[in-house]
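Thanks, everyone. Let me put the structure up, and then we'll go through it.

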Amino acid sequence: MKQADYGFCVLPLIFSCAHSFTLCVFSAIRSNIDMTITMRTNFVAFVTVLFFSVLSPRMTAAQATAVDILLAALKLEPPVLLCGETVPVDDPQALERLEKEMLVSLGNRSQVILWLKRTTRYFPYIEQKLKENDLPDDIKYLAIAESALRMHAGSPKGAMGVWQLIPETARKYGLVVDAHFDQRRNLYLSTPAAMEYLKALYERFGSWSLSLAAYNMGEEGLEAEILEQGVASYYQLYLPLETQRFVFRILAIKRIVEAPRKHGFSLSPGDYYAPQDFSTVRVNAFTDLPIRLIASAAKTTFKSIKDFNPEIRGHYLAAGRRTVNIPDDGEAGFQDRLAAMIEADAKIRSQRVYVVKEGDSLSGIAQKFEVPLAALLIWNRIGLGKVIHPGQQLVIFPAAGGKETDLTKTAGDEDG
(Lines give C-alpha, C1' and ligand atoms only; values in the text may rest on other atoms or scores of the structure.)
Protein backbone atom coordinates (compact mmCIF):
# COMPACT_ATOMS: atom_id res chain seq x y z
CA MET A 1 0.00 0.00 0.00
CA LYS A 2 1.35 3.45 -0.90
CA GLN A 3 1.85 6.19 1.68
CA ALA A 4 -0.71 8.38 -0.12
CA ASP A 5 -3.36 5.69 0.31
CA TYR A 6 -3.20 5.74 4.13
CA GLY A 7 -5.59 8.68 4.38
CA PHE A 8 -8.31 6.92 2.43
CA CYS A 9 -8.22 4.06 4.96
CA VAL A 10 -7.88 6.18 8.09
CA LEU A 11 -10.29 9.09 7.50
CA PRO A 12 -13.50 7.02 7.42
CA LEU A 13 -12.44 5.33 10.65
CA ILE A 14 -11.70 8.68 12.27
CA PHE A 15 -15.15 10.07 11.38
CA SER A 16 -16.81 6.86 12.54
CA CYS A 17 -15.02 6.90 15.87
CA ALA A 18 -15.70 10.62 16.38
CA HIS A 19 -19.38 10.08 15.68
CA SER A 20 -19.54 7.25 18.21
CA PHE A 21 -17.68 9.38 20.73
CA THR A 22 -20.20 12.25 20.34
CA LEU A 23 -23.16 9.93 20.76
CA CYS A 24 -21.64 8.53 23.92
CA VAL A 25 -21.21 12.03 25.37
CA PHE A 26 -24.85 13.03 24.79
CA SER A 27 -26.04 9.65 26.03
CA ALA A 28 -24.13 10.21 29.25
CA ILE A 29 -25.76 13.62 29.74
CA ARG A 30 -29.26 12.29 29.17
CA SER A 31 -28.73 9.42 31.56
CA ASN A 32 -27.30 11.66 34.31
CA ILE A 33 -24.17 9.49 34.30
CA ASP A 34 -20.89 10.96 35.39
CA MET A 35 -19.89 12.48 32.05
CA THR A 36 -16.23 12.87 33.01
CA ILE A 37 -15.76 9.13 33.52
CA THR A 38 -17.72 8.24 30.40
CA MET A 39 -15.81 10.73 28.23
CA ARG A 40 -12.49 9.54 29.59
CA THR A 41 -13.34 5.90 28.86
CA ASN A 42 -14.59 6.55 25.37
CA PHE A 43 -11.72 8.90 24.60
CA VAL A 44 -9.24 6.12 25.42
CA ALA A 45 -11.17 3.76 23.16
CA PHE A 46 -11.24 6.40 20.42
CA VAL A 47 -7.47 6.99 20.58
CA THR A 48 -6.77 3.26 20.63
CA VAL A 49 -8.85 2.63 17.53
CA LEU A 50 -7.29 5.63 15.80
CA PHE A 51 -3.76 4.45 16.66
CA PHE A 52 -4.24 0.98 15.25
CA SER A 53 -6.05 2.38 12.23
CA VAL A 54 -2.96 4.40 11.36
CA LEU A 55 -0.51 1.66 12.32
CA SER A 56 -2.22 -1.17 10.47
CA PRO A 57 -1.23 -0.05 6.95
CA ARG A 58 2.35 0.47 8.13
CA MET A 59 2.46 -3.03 9.58
CA THR A 60 1.12 -4.36 6.31
CA ALA A 61 3.81 -2.44 4.44
CA ALA A 62 6.51 -3.95 6.70
CA GLN A 63 5.13 -7.40 6.08
CA ALA A 64 5.13 -6.72 2.36
CA THR A 65 8.78 -5.69 2.56
CA ALA A 66 9.63 -8.96 4.34
CA VAL A 67 7.86 -10.92 1.63
CA ASP A 68 9.76 -8.97 -1.02
CA ILE A 69 13.05 -9.91 0.66
CA LEU A 70 12.08 -13.58 0.69
CA LEU A 71 11.08 -13.53 -2.95
CA ALA A 72 14.28 -11.71 -3.92
CA ALA A 73 16.29 -14.35 -2.04
CA LEU A 74 14.84 -17.04 -4.29
CA LYS A 75 15.98 -15.35 -7.48
CA LEU A 76 19.01 -17.16 -8.84
CA GLU A 77 21.74 -16.04 -11.20
CA PRO A 78 23.15 -19.16 -12.85
CA PRO A 79 25.43 -20.88 -12.54
CA VAL A 80 24.74 -21.80 -8.89
CA LEU A 81 27.87 -23.40 -7.47
CA LEU A 82 28.75 -25.31 -4.31
CA CYS A 83 32.35 -26.39 -3.78
CA GLY A 84 32.99 -25.52 -7.41
CA GLU A 85 30.31 -27.91 -8.67
CA THR A 86 27.20 -26.80 -10.53
CA VAL A 87 23.91 -27.29 -8.71
CA PRO A 88 21.18 -28.29 -11.24
CA VAL A 89 18.64 -25.61 -10.32
CA ASP A 90 17.17 -25.94 -13.82
CA ASP A 91 15.62 -29.14 -12.47
CA PRO A 92 12.28 -28.08 -10.89
CA GLN A 93 12.65 -30.55 -8.03
CA ALA A 94 16.17 -29.37 -7.21
CA LEU A 95 15.01 -25.76 -7.35
CA GLU A 96 12.12 -26.48 -5.00
CA ARG A 97 14.43 -28.20 -2.52
CA LEU A 98 16.77 -25.19 -2.53
CA GLU A 99 13.92 -22.71 -2.15
CA LYS A 100 12.58 -24.64 0.82
CA GLU A 101 15.91 -24.50 2.63
CA MET A 102 16.29 -20.80 1.86
CA LEU A 103 12.86 -20.02 3.29
CA VAL A 104 13.33 -22.27 6.33
CA SER A 105 16.67 -20.62 7.16
CA LEU A 106 15.40 -17.09 6.61
CA GLY A 107 12.35 -17.86 8.72
CA ASN A 108 14.61 -18.27 11.77
CA ARG A 109 16.14 -14.81 11.73
CA SER A 110 17.57 -14.93 15.25
CA GLN A 111 19.51 -18.08 14.38
CA VAL A 112 20.89 -16.52 11.18
CA ILE A 113 22.07 -13.49 13.15
CA LEU A 114 24.02 -15.81 15.46
CA TRP A 115 25.54 -17.58 12.44
CA LEU A 116 26.73 -14.28 11.07
CA LYS A 117 28.09 -12.98 14.37
CA ARG A 118 30.09 -16.19 14.96
CA THR A 119 31.69 -16.30 11.51
CA THR A 120 34.30 -13.67 12.37
CA ARG A 121 35.35 -15.64 15.43
CA TYR A 122 35.76 -19.06 13.82
CA PHE A 123 35.87 -18.79 10.02
CA PRO A 124 39.42 -17.36 9.76
CA TYR A 125 40.89 -20.51 11.31
CA ILE A 126 38.64 -22.84 9.29
CA GLU A 127 39.47 -21.00 6.05
CA GLN A 128 43.17 -21.28 6.81
CA LYS A 129 42.94 -25.04 7.32
CA LEU A 130 40.84 -25.52 4.18
CA LYS A 131 43.45 -23.68 2.15
CA GLU A 132 46.29 -25.70 3.69
CA ASN A 133 44.45 -28.93 2.81
CA ASP A 134 43.54 -27.78 -0.71
CA LEU A 135 39.83 -28.14 0.04
CA PRO A 136 36.99 -25.92 -1.29
CA ASP A 137 36.36 -22.82 0.79
CA ASP A 138 32.62 -23.62 0.74
CA ILE A 139 33.27 -26.49 3.17
CA LYS A 140 33.23 -23.90 5.97
CA TYR A 141 29.44 -23.67 5.57
CA LEU A 142 29.24 -27.34 6.54
CA ALA A 143 30.24 -26.28 10.05
CA ILE A 144 27.21 -23.98 10.29
CA ALA A 145 24.87 -26.65 8.90
CA GLU A 146 26.16 -29.18 11.40
CA SER A 147 26.40 -27.15 14.60
CA ALA A 148 25.71 -23.44 14.01
CA LEU A 149 29.39 -23.06 15.06
CA ARG A 150 28.71 -24.23 18.62
CA MET A 151 31.52 -26.07 20.40
CA HIS A 152 29.25 -28.21 22.59
CA ALA A 153 26.59 -29.03 20.00
CA GLY A 154 25.55 -32.67 20.34
CA SER A 155 23.15 -35.05 18.63
CA PRO A 156 21.08 -38.03 19.81
CA LYS A 157 23.36 -40.26 17.71
CA GLY A 158 26.43 -39.24 19.69
CA ALA A 159 27.90 -36.69 17.30
CA MET A 160 29.63 -33.78 19.02
CA GLY A 161 31.32 -30.47 18.36
CA VAL A 162 31.43 -27.98 15.51
CA TRP A 163 31.94 -30.76 12.95
CA GLN A 164 29.55 -33.23 14.62
CA LEU A 165 31.93 -36.17 14.48
CA ILE A 166 30.85 -39.47 16.01
CA PRO A 167 33.33 -41.09 18.42
CA GLU A 168 34.47 -43.80 15.99
CA THR A 169 35.25 -41.32 13.21
CA ALA A 170 36.94 -38.90 15.62
CA ARG A 171 39.25 -41.60 16.97
CA LYS A 172 39.98 -42.86 13.47
CA TYR A 173 41.36 -39.44 12.58
CA GLY A 174 43.42 -38.95 15.71
CA LEU A 175 41.13 -37.30 18.25
CA VAL A 176 40.90 -38.36 21.89
CA VAL A 177 37.41 -39.19 23.12
CA ASP A 178 37.43 -40.71 26.59
CA ALA A 179 36.42 -40.03 30.18
CA HIS A 180 38.91 -37.16 30.52
CA PHE A 181 38.88 -35.46 27.11
CA ASP A 182 36.57 -35.00 24.17
CA GLN A 183 38.65 -33.25 21.54
CA ARG A 184 35.67 -33.04 19.18
CA ARG A 185 34.59 -30.03 21.25
CA ASN A 186 37.76 -28.10 20.47
CA LEU A 187 37.60 -26.36 17.08
CA TYR A 188 41.38 -26.15 16.79
CA LEU A 189 41.82 -29.87 17.40
CA SER A 190 38.77 -31.19 15.55
CA THR A 191 39.06 -29.15 12.34
CA PRO A 192 42.19 -30.95 11.04
CA ALA A 193 40.49 -34.29 11.74
CA ALA A 194 37.36 -33.19 9.86
CA MET A 195 39.53 -32.08 6.93
CA GLU A 196 41.14 -35.52 6.70
CA TYR A 197 37.76 -37.21 6.82
CA LEU A 198 36.39 -34.99 4.05
CA LYS A 199 39.40 -35.69 1.86
CA ALA A 200 38.85 -39.41 2.33
CA LEU A 201 35.18 -39.04 1.38
CA TYR A 202 35.97 -37.10 -1.77
CA GLU A 203 38.56 -39.67 -2.80
CA ARG A 204 35.89 -42.35 -2.38
CA PHE A 205 32.93 -40.66 -4.10
CA GLY A 206 34.52 -38.22 -6.54
CA SER A 207 32.04 -35.35 -6.04
CA TRP A 208 31.48 -32.90 -3.23
CA SER A 209 27.71 -33.25 -3.20
CA LEU A 210 28.05 -36.99 -2.60
CA SER A 211 30.88 -36.45 -0.11
CA LEU A 212 28.74 -34.06 1.92
CA ALA A 213 25.83 -36.50 1.77
CA ALA A 214 28.13 -39.26 3.03
CA TYR A 215 29.31 -36.97 5.81
CA ASN A 216 25.69 -36.69 6.92
CA MET A 217 24.47 -40.28 6.57
CA GLY A 218 27.66 -42.35 6.54
CA GLU A 219 29.70 -43.57 3.61
CA GLU A 220 28.56 -47.19 3.81
CA GLY A 221 24.90 -46.24 3.71
CA LEU A 222 25.39 -43.87 0.77
CA GLU A 223 27.40 -46.40 -1.19
CA ALA A 224 24.67 -49.00 -0.68
CA GLU A 225 22.02 -46.61 -2.04
CA ILE A 226 24.14 -45.80 -5.09
CA LEU A 227 24.54 -49.50 -5.86
CA GLU A 228 20.88 -50.33 -5.29
CA GLN A 229 19.40 -47.37 -7.17
CA GLY A 230 21.94 -47.39 -9.97
CA VAL A 231 22.32 -43.61 -9.70
CA ALA A 232 25.53 -41.74 -8.84
CA SER A 233 24.12 -38.20 -8.60
CA TYR A 234 23.20 -36.74 -5.22
CA TYR A 235 20.40 -34.74 -6.82
CA GLN A 236 18.73 -37.86 -8.25
CA LEU A 237 19.20 -40.26 -5.36
CA TYR A 238 16.42 -41.10 -2.92
CA LEU A 239 18.12 -40.82 0.47
CA PRO A 240 17.02 -40.35 4.09
CA LEU A 241 14.99 -37.15 4.25
CA GLU A 242 17.57 -35.34 6.35
CA THR A 243 20.28 -36.16 3.82
CA GLN A 244 18.07 -35.10 0.90
CA ARG A 245 17.91 -31.66 2.52
CA PHE A 246 21.50 -31.52 3.75
CA VAL A 247 23.41 -30.27 0.69
CA PHE A 248 20.69 -27.74 -0.11
CA ARG A 249 20.83 -26.52 3.48
CA ILE A 250 24.56 -25.90 3.11
CA LEU A 251 23.94 -24.05 -0.14
CA ALA A 252 21.23 -21.91 1.47
CA ILE A 253 23.60 -21.02 4.32
CA LYS A 254 26.30 -20.09 1.81
CA ARG A 255 23.98 -17.76 -0.07
CA ILE A 256 22.80 -16.00 3.11
CA VAL A 257 26.22 -15.63 4.74
CA GLU A 258 27.88 -14.37 1.56
CA ALA A 259 25.21 -11.67 1.03
CA PRO A 260 23.55 -10.89 4.37
CA ARG A 261 22.22 -7.46 3.36
CA LYS A 262 20.49 -8.90 0.33
CA HIS A 263 18.65 -11.21 2.71
CA GLY A 264 17.63 -8.52 5.18
CA PHE A 265 20.50 -8.65 7.69
CA SER A 266 22.32 -5.33 8.12
CA LEU A 267 25.05 -5.96 10.68
CA SER A 268 27.78 -3.41 11.30
CA PRO A 269 31.40 -4.50 11.91
CA GLY A 270 30.95 -3.98 15.64
CA ASP A 271 28.07 -6.47 15.73
CA TYR A 272 30.31 -9.45 14.94
CA TYR A 273 32.05 -11.48 17.64
CA ALA A 274 35.77 -10.94 18.02
CA PRO A 275 38.20 -13.86 17.60
CA GLN A 276 39.40 -15.56 20.77
CA ASP A 277 42.97 -14.62 21.65
CA PHE A 278 44.85 -16.99 23.93
CA SER A 279 48.27 -18.40 24.71
CA THR A 280 49.13 -22.08 24.93
CA VAL A 281 51.16 -23.33 27.89
CA ARG A 282 52.50 -26.73 28.88
CA VAL A 283 51.37 -28.34 32.11
CA ASN A 284 53.16 -31.36 33.59
CA ALA A 285 50.63 -32.95 35.92
CA PHE A 286 51.95 -35.84 38.00
CA THR A 287 48.40 -36.56 39.14
CA ASP A 288 44.99 -35.24 38.15
CA LEU A 289 45.19 -31.48 38.56
CA PRO A 290 42.25 -29.31 39.71
CA ILE A 291 41.34 -26.86 36.97
CA ARG A 292 40.78 -24.18 39.61
CA LEU A 293 44.56 -24.19 40.26
CA ILE A 294 45.29 -23.70 36.57
CA ALA A 295 42.76 -20.87 36.49
CA SER A 296 44.34 -19.17 39.50
CA ALA A 297 47.82 -19.52 38.04
CA ALA A 298 46.57 -18.01 34.78
CA LYS A 299 44.90 -15.12 36.64
CA THR A 300 41.49 -16.04 35.33
CA THR A 301 38.40 -18.07 36.21
CA PHE A 302 37.50 -21.75 36.08
CA LYS A 303 34.95 -20.90 33.37
CA SER A 304 37.56 -19.16 31.25
CA ILE A 305 39.82 -22.22 31.28
CA LYS A 306 36.89 -24.46 30.36
CA ASP A 307 35.84 -22.09 27.56
CA PHE A 308 39.36 -21.98 26.11
CA ASN A 309 39.71 -25.76 26.50
CA PRO A 310 36.24 -27.24 25.86
CA GLU A 311 37.75 -30.68 25.36
CA ILE A 312 38.56 -31.02 29.09
CA ARG A 313 35.86 -32.96 30.90
CA GLY A 314 34.98 -32.44 34.53
CA HIS A 315 36.88 -30.47 37.15
CA TYR A 316 40.37 -31.96 36.70
CA LEU A 317 43.08 -32.03 34.06
CA ALA A 318 44.13 -35.66 33.69
CA ALA A 319 47.68 -36.52 34.73
CA GLY A 320 50.32 -36.28 32.03
CA ARG A 321 52.08 -33.73 29.86
CA ARG A 322 49.32 -31.46 28.59
CA THR A 323 48.89 -28.25 26.66
CA VAL A 324 46.36 -25.77 27.95
CA ASN A 325 45.03 -22.56 26.45
CA ILE A 326 44.94 -19.58 28.81
CA PRO A 327 44.32 -15.82 28.41
CA ASP A 328 47.28 -13.93 26.96
CA ASP A 329 47.77 -11.81 30.05
CA GLY A 330 48.14 -14.88 32.26
CA GLU A 331 51.14 -16.42 30.48
CA ALA A 332 53.95 -14.42 32.10
CA GLY A 333 54.92 -16.18 35.35
CA PHE A 334 52.32 -18.90 34.88
CA GLN A 335 54.63 -21.85 35.56
CA ASP A 336 55.98 -20.40 38.82
CA ARG A 337 52.52 -19.52 40.08
CA LEU A 338 51.18 -22.96 39.18
CA ALA A 339 54.03 -24.76 40.98
CA ALA A 340 53.45 -22.69 44.11
CA MET A 341 49.70 -23.32 44.02
CA ILE A 342 50.13 -27.07 43.55
CA GLU A 343 52.42 -27.19 46.58
CA ALA A 344 50.06 -25.11 48.71
CA ASP A 345 47.04 -27.15 47.64
CA ALA A 346 48.82 -30.40 48.56
CA LYS A 347 49.46 -29.12 52.09
CA ILE A 348 45.85 -28.00 52.50
CA ARG A 349 44.52 -31.32 51.22
CA SER A 350 46.75 -33.21 53.65
CA GLN A 351 45.03 -31.38 56.52
CA ARG A 352 41.52 -32.05 55.31
CA VAL A 353 41.34 -35.84 55.34
CA TYR A 354 38.46 -37.84 56.80
CA VAL A 355 38.90 -41.55 57.45
CA VAL A 356 35.74 -43.46 56.61
CA LYS A 357 34.20 -45.33 59.56
CA GLU A 358 31.93 -48.36 59.74
CA GLY A 359 28.40 -47.43 58.67
CA ASP A 360 29.42 -44.22 56.88
CA SER A 361 27.82 -43.22 53.60
CA LEU A 362 28.74 -40.43 51.20
CA SER A 363 25.53 -38.54 51.88
CA GLY A 364 25.98 -39.00 55.62
CA ILE A 365 29.54 -37.68 55.50
CA ALA A 366 28.44 -34.68 53.43
CA GLN A 367 25.72 -33.94 55.96
CA LYS A 368 28.13 -34.36 58.87
CA PHE A 369 30.49 -31.71 57.51
CA GLU A 370 27.69 -29.52 56.14
CA VAL A 371 28.98 -29.62 52.56
CA PRO A 372 27.12 -30.43 49.31
CA LEU A 373 27.30 -34.07 48.34
CA ALA A 374 28.26 -32.97 44.80
CA ALA A 375 31.27 -31.09 46.20
CA LEU A 376 32.39 -34.18 48.12
CA LEU A 377 32.29 -36.18 44.89
CA ILE A 378 34.30 -33.52 43.02
CA TRP A 379 37.01 -33.24 45.69
CA ASN A 380 37.57 -36.99 45.68
CA ARG A 381 36.92 -37.70 41.98
CA ILE A 382 34.36 -40.40 42.68
CA GLY A 383 30.92 -41.16 41.32
CA LEU A 384 27.68 -41.10 43.24
CA GLY A 385 27.38 -44.89 43.02
CA LYS A 386 30.89 -45.45 44.35
CA VAL A 387 31.04 -47.80 47.34
CA ILE A 388 33.19 -46.50 50.18
CA HIS A 389 34.73 -48.71 52.85
CA PRO A 390 36.12 -48.26 56.37
CA GLY A 391 39.64 -46.89 56.43
CA GLN A 392 39.25 -45.09 53.09
CA GLN A 393 40.49 -41.49 53.10
CA LEU A 394 38.33 -38.69 51.75
CA VAL A 395 39.37 -35.06 51.29
CA ILE A 396 36.88 -32.55 52.68
CA PHE A 397 36.96 -28.75 52.59
CA PRO A 398 34.37 -27.54 55.11
CA ALA A 399 32.80 -24.20 54.32
CA ALA A 400 33.72 -21.22 56.47
CA GLY A 401 32.29 -21.90 59.91
CA GLY A 402 31.62 -25.54 59.02
CA LYS A 403 32.58 -28.54 61.11
CA GLU A 404 36.18 -29.70 61.03
CA THR A 405 36.00 -32.38 63.69
CA ASP A 406 37.25 -35.84 62.76
CA LEU A 407 39.55 -34.43 60.04
CA THR A 408 43.00 -35.99 60.13
CA LYS A 409 46.39 -34.67 59.03
CA THR A 410 48.29 -37.00 56.70
CA ALA A 411 51.57 -36.92 54.86
CA GLY A 412 49.67 -35.70 51.85
CA ASP A 413 50.61 -35.74 48.19
CA GLU A 414 53.13 -33.00 47.59
CA ASP A 415 52.51 -33.22 43.85
CA GLY A 416 48.88 -32.19 44.29
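Start with how the chain folds back on itself. Residues 24 or more positions apart account for 65% of the contacts with a separation of 6 or more. Keep in mind that this is a predicted model.

Now the overall numbers. The protein has 416 residues, and 42% of them count as buried. Its secondary structure comes to 15 helices and nine strands.

Next, charges. Side chains of opposite charge can pair when their charged atoms come close. How many salt bridges does the structure hold? The count is 15. I'll take three of them.

Is Lys129 buried or exposed? Lys129 counts as buried, because its relative accessibility is 19% and the cut-off is under 20%.

Then Glu196 and Lys199. Their closest N and O atoms are 3.0 Å apart. The setting is helix 7, and these two residues are three apart in it, so again the separation is about one helical turn. Glu196 is partly exposed, with a relative accessible area of 36%. Lys199 is also partly exposed, at 29% relative accessibility.

Look at the accessibility on each side. Asp182 is at 0%, so Asp182 counts as buried. Arg313 is at 29%, so Arg313 counts as partly exposed. Salt bridges link Asp182, Arg184, Arg185 and Arg313.

Which residues form a negative patch? They are Asp277, Asp328, Asp329 and Glu331. Take Glu331 as an example. Glu331 lies in the loop between strand 6 (320-326) and helix 13 (334-350). Its relative accessibility is 39%, so Glu331 counts as partly exposed. Patch membership needs over 30% relative accessible area and no salt bridge.

Last topic: backbone geometry. Most residues other than glycine have a negative phi, and most peptide bonds are trans.

One is a cis peptide bond. It joins Pro78 and Pro79, with omega about 0 degrees. Pro79 is in the loop between helix 2 (35-73) and strand 1 (81-82).

Another is Cys83. Its phi is positive, near 55 degrees, and it is not a glycine. Cys83 is found in the loop between strand 1 and strand 2 (85-86). With a relative accessible area of 10%, Cys83 is buried.

Then Arg381. Phi is about 50 degrees there, positive again in a residue that is not a glycine. Arg381 is in the loop between helix 15 (373-380) and strand 8 (393-395). Its relative accessible area is 38%, so Arg381 is partly exposed.

That's my tour. Questions are welcome.

Conventions:
Residues numbered from 1 in each chain as written. Predicted model: local features only at pLDDT ≥ 70, side-chain atom pairs only at ≥ 80, totals over all residues. Heavy atoms only, no water. Helix = DSSP H or I, 4+ residues; strand = E, 2+ residues; numbered from the N terminus. Buried < 20%, exposed > 50% of the residue type's maximum accessible area, 1.4 Å probe, protein only. Contact = heavy atoms within 4.5 Å. Patch = residues over 30% accessible without salt bridge, like charges linked within 9 Å, V, L, I, M, F, W, Y side chains within 5 Å. Areas by Shrake-Rupley, 256 points an atom, 1.4 Å probe, with all protein chains shown as cover. Salt bridge = Lys/Arg side-chain N within 4 Å of Asp/Glu carboxyl O. Lys, Arg positive; Asp, Glu negative; His and termini not counted. Charge placed at Lys NZ, Arg CZ, Asp CG, Glu CD.
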